[in-house]
Amino acid sequence: MPFDPFVIPFSVGLLFVLVVMGYKYVSWIRQMPKPQTPLKGFQRIKALWHATVEVFMESLLHRKIFKQNVMLGFMHSSIAFGWFLLIVLGHFEAKSVSDNAFNPPYFSIFLYFFVPERSMFKGHAFFSFAMEFILALILSGVFLAYLKRLTKRIFGMKRTSKMRGIDKVALYSLWLIFPLRLVAESFNAYVHDSGSFLSGPVGQFFGSFLPVANLEYSMWWAYSLSLGVFFIALPWSRYSHIPTEMVLIYLRRLGYRSCSKPTGYTMFDLYSCSRCGICIDSCQMNIVYRGRNETVTAHYIYDVRAGHENDFALFSCLACGRCEDACPVGVKTVDLRIGNRYENTKEFGLNHKIQVTNGVANSNIGYFSGCMGKLTPTVIDSMKTISNAAGDTLFHIDEEKGICCGRPLLLAGQLKQSEKIIEKNKQRIESLGIQTLVTSCPICLRTFKNDYNLNIEVIHHSEYIERLIANKKLVVNNSKSVVAYHDPCDLAHGLEIKQAPRNVINSAAVLYENPDSKSQGLCCGGGLAGVSLNSQQKLSIAFDAVQQITNGETDTLVTSCPLCKKTFAQTRMANVKDIAELVAENILTDGKETQKSQKYTVLETING
Amino acid sequence: MRQYDTKYQTVIIGGGIAGMTAALQLYKFGIKSLIIEKEDKLGGHLIKWYKLFPGFVNADEVVSNVVSELIDKRMQVITGAEVTSIDSIYDNYIIRTSSGHSFEAESVLLAHGFKTFDPTKKEEYGYGLYSNVKTSVEIENILKEHSNITIPKRVGLIHCVGSRDEKAGNLHCSKLCCVSAVKQSIELKERFPDAEIICFYIDLRMFDNGFEELYMEAQIEHGIKFIRGRLSECSQNIDGSLVLKVQDTLTGLPMNVNVDWLILMVGKEAAKLPKFDKSIDVKLAPNKFVAPENIFYNPNQTSQPGIFCGGTVSGPKTIHESAADAKAAAMSIIDYLNRK
Amino acid sequence: MSGFGFNISKSSTIEYKPEDFQLANIIEENEPTSRLCISCGSCSATCTGSEFAKLRMHYIHLYVKRNLTDKIREELQNCMFCGKCQLVCPRGVNNRNIIRLLWENI
């Protein structure tokens, strides 16, 4: 069996990483609950197939990163896919030159050392060429990686993550692996007069001024060492994402999901983050921080793993989900953050003295305006106007007294405490006997859908209005005025409800959308998850958002969330309306516009 | 078609109490000035007020006294015209108006006053939604016109609407709303002797001569109630009366109050400046009012030489303070013109 | 005549020694906007929790600042953390963060 002491670093490293990662994975899997959507029989096989395809497309080819920026995508995929091809092809090459049925793993890696004369074997020319072509591909990627550390702009990134400690060790050893392979194989090619289009000339070049024959052995040692060091550093560096991400993809396809409460699955999510830094540019907290954005996922995960997370960073995240959308791995960053809050905060000792009064609604449709709804009475008024015009009766559930839906507590990580409120609210809602629950607040909507387990239909008021228009129960006149629309985070990122509000707006006005993708899906800054943000910081985010969304094309901003409305109104940069208000202003009944609820005319003659 | 000169020593933007007083003061020193007023009548905000604190003098009287003096002295005034742009030319300024006129001036006095906060921005107070929610400005009109209206049994006045409120975009105190509220409470009580009038305040800023005494008069002679607390939400009953959800901070208890009328004491904000050309730099204070060059030594000179400020453009003022400030502005202008 | 005097019951006086008020110092250090509160009462007026039980955010500020810490929990346990208090505060006091810090430290 072929062996040489220099393979020891590589072998030890490989064994080490397999054992350590394997142990971690097993312990995490044992802490995982059953999948939310378990699969059966044939579905499982299909899922495994899809997972394999996804691993190929994302972990190797990095398709999502290509979509983001071609240079960045090429850099990642040339190294990842190239290395994969080297291993696979190398394995076949080794098979072609060896008589043994089984060879140790280091054999194919260091094949040119163990079998320097290969010309007599079948397919030798092809293998030599192919392997070196792949190596050249990888080296171009490595070169781009060097370049990225110097100039980020050509990769389309304004900010990247900084490297510290063990990450540096892993990075430098990774950068050395392939150049060292080239050097080792080139020296080998020079000495044995073999090698293809790459190692041949390189070997000649070095041979012209170096004692290559004496140095060749040390180069194999160096190559093995760099591999060994990389493997040993891997479990504690960002590169743990390499194997972890692949396992994550399989788990996801098999129906496992993350949730706010940390489970074993959370660990897979956490370690699949490669700290690539693509999320950094999408985070609006960049506006608040002058220097390093400590809140954004890439930096926050690093700080957590390095053991120096800070309170402000943990609690300032707005949970808007932009980082989640940008992540090429699909890490569920919002759940991670809430889970972190859950683990790191003392539980509130809440003890609400709320007596739930059961009641019966006077209609099939219940309307919940939520806490914030009380501060935006125009929305409630507009909903009444709309439902009256459509001939519907809306039972306003929290007209007199109402309790919070419970999501603000949940976002702060107080999962058990929020259950106290949810239980009471659920009792009230279920006692009413309604079949549909309409709410004008996306925050409440999301938690009604995800955490309440109600047996009734729960919809957003924009969906309700869309339905009325589609059923011709409501006729809306298009005023032809130009408005911009802001997607509330919980509605768009959380529940993917983007089209219904737009359809409604298009019936009443002309919608302007900023074509720049970076200006889409912005958070208003007022999110309840941003507990440690003060009002000036929130306002700075709001200012920036209004500027980008209206882009100078209109001074009317339409949104479908009362909290967003209040936050934007504070900027005094635009006329802020809720969707319901926009519709209520433009309702047609019998071909005439309805009398708007009597507005008091301002007697002041001078207006500034 | 009234003919105007094309060149003036001073052009005064705004024909309110400040603009008019400044013009008269300048006249006494032989300075030729022109007042440009965007409304059809002179007097600014004053013509909307009913009676002025602290002595309940008729606003109309004050206005007509000043206006008649202007007419007497045949001062040049152009009404119904807004200033569209101000450009600098060598040492002077060219002022263009919406009426198509163009004037050259050696100095400009900004006296265009303030604007009041639009309370639809604080929509939880119900302005624009419920007909019985009015602003303090509208109340002046109601008191003045003696209009035939239903008699309220209880009236609530909310202080600090749009002032001292980060969420409304104005951190500053508008100074006059507290004493206006006390004044209006007394007037409402005199108009509706059986009504209960309540002021919901945070502080009571009775800063000038006679103000604190007015407050005491309101309490002892008119029985006006003062509750230290804030309004959170206002909702409407079927009959149009309003239910206020208020926090009574001194007892620490939430309170529900039924009122027939709700009056919002709206704050004062900076009015929009005329459009200056790029070379003109009139600096603003953080609260968006015009910033004087130096509040102690040069309170009427803006950061742009030749452009002055008088009256409430540099911050909320009472009527008599505006008039005094306008006279000081006039003296600054005279000094400037003499040195030129 | 020594020993003559009155025994003042502790709870009816505040001994004003702010350097000893630990909780107040923690809150002020971690959330400086707490200094801006003027007890206007806007927070308490709009509070969701106050509809069901005694909860006055502006009083909680006073309890912290005057070191009446044993009164805090009784009211704070009615809070639903909805955030309306912060949304209406005219001075920009970050009430929700203060509530969170209080739960960490009482």
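In this predicted model, A:Asp311 pairs with C:Arg100 in a salt bridge whose closest N and O atoms are 2.8 Å apart. The pair crosses between chains, running from helix 15 of chain A to helix 6 (residues 95-105) of chain C. One salt bridge is found across the interface of chain A and chain C, while the structure holds 43 salt bridges over all chains.

**The interface of chain A and chain C**

- Between them, chain A and chain C bury about 2,700 Å², and carbon and sulfur atoms account for 58% of that area.
- Chain A brings 34 residues to the contact, and chain C brings 28 residues.
- Besides the salt bridge between A:Asp311 and C:Arg100, eleven residue pairs in polar contact, with both residues at pLDDT 80 or more, are found across the interface of chain A and chain C.
- On the side of chain A that touches chain C, at least two residues each come from helix 15 (311-316), helix 18 (370-373), helix 20 (407-411), helix 26 (535-550) and helix 27 (562-571) of chain A.
- By residue class, that side of chain A divides into 17 nonpolar, nine polar and eight charged residues.

**Salt bridges within chain A**

- A:Lys384 and A:Glu399 form a salt bridge in which the closest N and O atoms are 3.5 Å apart.
- Because A:Lys384 lies in helix 19 (residues 377-390) of chain A and A:Glu399 in the loop between strand 2 (394-396) and helix 20 of chain A, this pair ties together parts that are 15 residues apart in sequence.
- A:Lys384 counts as partly exposed at 39% relative accessibility, and A:Glu399 is also partly exposed, with a relative accessible area of 43%.
- A further salt bridge joins the side chains of A:Arg407 and A:Asp490, at 3.6 Å from N to O.
- Since A:Arg407 belongs to helix 20 of chain A and A:Asp490 to helix 24 (residues 489-494) of chain A, the pair ties together parts that are 83 residues apart in sequence.
- A:Arg407 is buried, with a relative accessible area of 6%, and A:Asp490 likewise counts as buried, at 12% relative accessibility.
- Elsewhere, A:Glu54, A:Arg252 and A:Arg253 are joined into one network by salt bridges that share partners.

**Nonpolar cores**

- The largest nonpolar core has 77 residues, and those with the most contacts inside it are A:Ile386, A:Leu437, A:Phe448, A:Tyr464, A:Ile465, A:Leu474 and A:Phe568.
- Leaving aside neighbours within four places in sequence, A:Phe448 is in contact with residues including A:Phe368, A:Cys405, A:Ile429, A:Leu437, A:Leu454 and A:Val458; A:Asn425, A:Thr439 and A:Asn453 are also among its contacts.

Notes: Residues numbered from 1 in each chain as written. Chains lettered and ligands numbered in written order. Predicted model: local features only at pLDDT ≥ 70, side-chain atom pairs only at ≥ 80, totals over all residues. Heavy atoms only, no water. Contact = heavy atoms within 4.5 Å. Buried area = accessible area lost by both parts, 1.4 Å probe. Salt bridge = Lys/Arg side-chain N within 4 Å of Asp/Glu carboxyl O. Polar contact = N/O pair within 3.5 Å; in protein donor to acceptor, adjacent residues only side chain to side chain. Helix = DSSP H or I, 4+ residues; strand = E, 2+ residues; numbered from the N terminus. Nonpolar A, V, L, I, M, F, W, Y, C, P; charged D, E, K, R; others polar. Core = buried A, V, L, I, M, F, W, Y, C linked by side-chain atoms within 4.5 Å. Buried < 20%, exposed > 50% of the residue type's maximum accessible area, 1.4 Å probe, protein only.
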